[in-house]
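I opened the model today to look up its salt bridges, its sheet, its nonpolar cores and its helix packing. My notes follow in the order I checked things.

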Amino acid sequence: MERILLMVLRLLPFVPGWAFKVWTWPYSDKHSLNEKYALLQHITRRACQAGRVTLDVHGLENIPKQSGFIFFPNHQGFFDSLTFLATCPQPFGIVMKKETANWVLVKQVRLLLNAILLDRSSLKNAVEVISEMTARVKNGENFLIFPEGTRSHRGNEIGEFKGGTFKSALGSRCPIVPVALIDCFKPFDIHSIKPVTVQIHYLPPIPYEEYQGMRTKEIAHMVRGRIEAVIKENA
């Protein structure tokens, strides 16, 4: 909370203009997806600077040039999605928890990114989410989903990756892009405004041919293993 307040205070002169765009652009057809994404990316980068957060980015060359892929990162804290917004050059959708859908600013970001809401208490909804994401990835959209399902609350330790989150990759036959996040829990989950550095490592994509025929649990284990190896090497 302290760092969020620091960001707001240091960027206060820009907040009215940004707020107007963030609140109105989701309901306007005048702005393309790329324009909406560029707006969010600009705000996020300025917020990181104002909040004394340094982004140590690795592997941007591993992000596929052709759209229609899914990011599968570990999940550490509320700052995770902002790390992607600040560093990923291509627009992406995101699967987010239904209970956060109407939080101030989260709702506006959700609408700008055309996110998919997941009700973790409903198996039917989970199936619908997988189906929608599969269709949209087939149609050339990129997505971000956290296979742990929730924040690990254990710093740089990784929780279990749920096999079901990889069904969209199998269904769309898209590249899987593992992503290792390191120290992303520090900006918002630690009560401090001291300068902090977070790392994001975009790992080489896994083409469909490499995981074709594997069970979702096997894919989850493989992706988790690659991410964990990078975290152990760099944390």
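This is a predicted model: local features need pLDDT of at least 70, side-chain atom pairs count only at pLDDT 80 or more; totals for chains, interfaces and linings use all residues.

**Entry 1: salt bridges**

I searched the whole structure and got seven salt bridges. I looked at several of them in turn.

I took Arg 136 and Glu 132 to begin with. Their side chains form a salt bridge, at 3.0 Å from N to O. Both sit in helix α6 (residues 123–138), four residues apart, so about one helical turn separates them. Is Arg 136 buried or exposed? Its relative accessibility is 10%, so I count Arg 136 as buried.

Next I checked Arg 226 and Glu 210. This salt bridge has an N to O distance of 2.5 Å. The pair links distant parts of the chain, 16 residues apart: Arg 226 belongs to helix α10 (residues 216–234) and Glu 210 to helix α9 (residues 208–211). I logged Arg 226 as partly exposed at 31%. Glu 210 is partly exposed too, with 37%.

Then came Arg 215 and Glu 218. Their closest N and O atoms are 3.7 Å apart, and I list the pair as a salt bridge. Arg 215 is exposed at 59%. Glu 218, at 34%, is partly exposed. I also looked for shared partners: Glu 132, Arg 136 and Glu 141 are joined by salt bridges into one network.

**Entry 2: the sheet**

I traced an open sheet of seven strands. What is the strand order? I read β1-β7-β6-β2-β5-β3-β4, with mixed pairing. The edges are β1 (53–58) and β4 (116–118), and each of them pairs on one side only.

I zoomed in on one pairing. Strand β3 (residues 93–97) and strand β5 (residues 143–144) run parallel and are joined by two bridges. Ile 94 has Leu 144 in β5 as its bridge partner. I then looked for a helix on the sheet. α10 packs there, touching β2 (70–73), β6 (176–182) and β7 (196–202). The direction of α10 makes about 35° with that of β6.

**Entry 3: nonpolar cores**

The largest nonpolar core holds 37 residues. Which residues have the most contacts inside it? I found Phe 71, Phe 84, Val 179 and Tyr 202. Elements that each supply at least two residues include α2 (15–24), α4 (80–87), β6 and β7. α3 gives the most, with seven residues.

I listed the contacts of Tyr 202, leaving out residues up to four places away in sequence. Among them are Val 57, His 58, Phe 71, Phe 84, Pro 178 and Val 179. I also noted a second, separate core of 28 residues, including Val 95, Met 133, Ile 206 and Val 230.

**Entry 4: α1 against α3**

Last, I looked at helix packing. The axes of helix α1 (residues 2–10) and α3 come within 8 Å and cross at roughly 110°. That makes α1 roughly perpendicular to α3. On the α1 side I found Leu 6, Met 7 and Arg 10, meeting Ala 47, Gln 49 and Ala 50 in α3.

Technical notes
Residues are numbered from 1 along each chain as its sequence is written. Side-chain values use heavy atoms; hydrogens and water are left out. A salt bridge is a side-chain nitrogen of Lys or Arg within 4 Å of a carboxyl oxygen of Asp or Glu. Buried means under 20% relative accessible area, exposed over 50%, partly exposed in between (1.4 Å probe, protein chains only). Two strands pair if DSSP finds at least two bridges between them. Contact means heavy atoms within 4.5 Å. Axes are lines fitted to C-alpha atoms, for helices over the stretch in contact, and angles run from 0 to 180 degrees between N-to-C directions. A nonpolar core is a set of buried Ala, Val, Leu, Ile, Met, Phe, Trp, Tyr and Cys residues joined through side-chain atoms within 4.5 Å. Angles under 35 degrees count as roughly parallel, over 145 as roughly antiparallel, 65 to 115 as roughly perpendicular and the rest as oblique.
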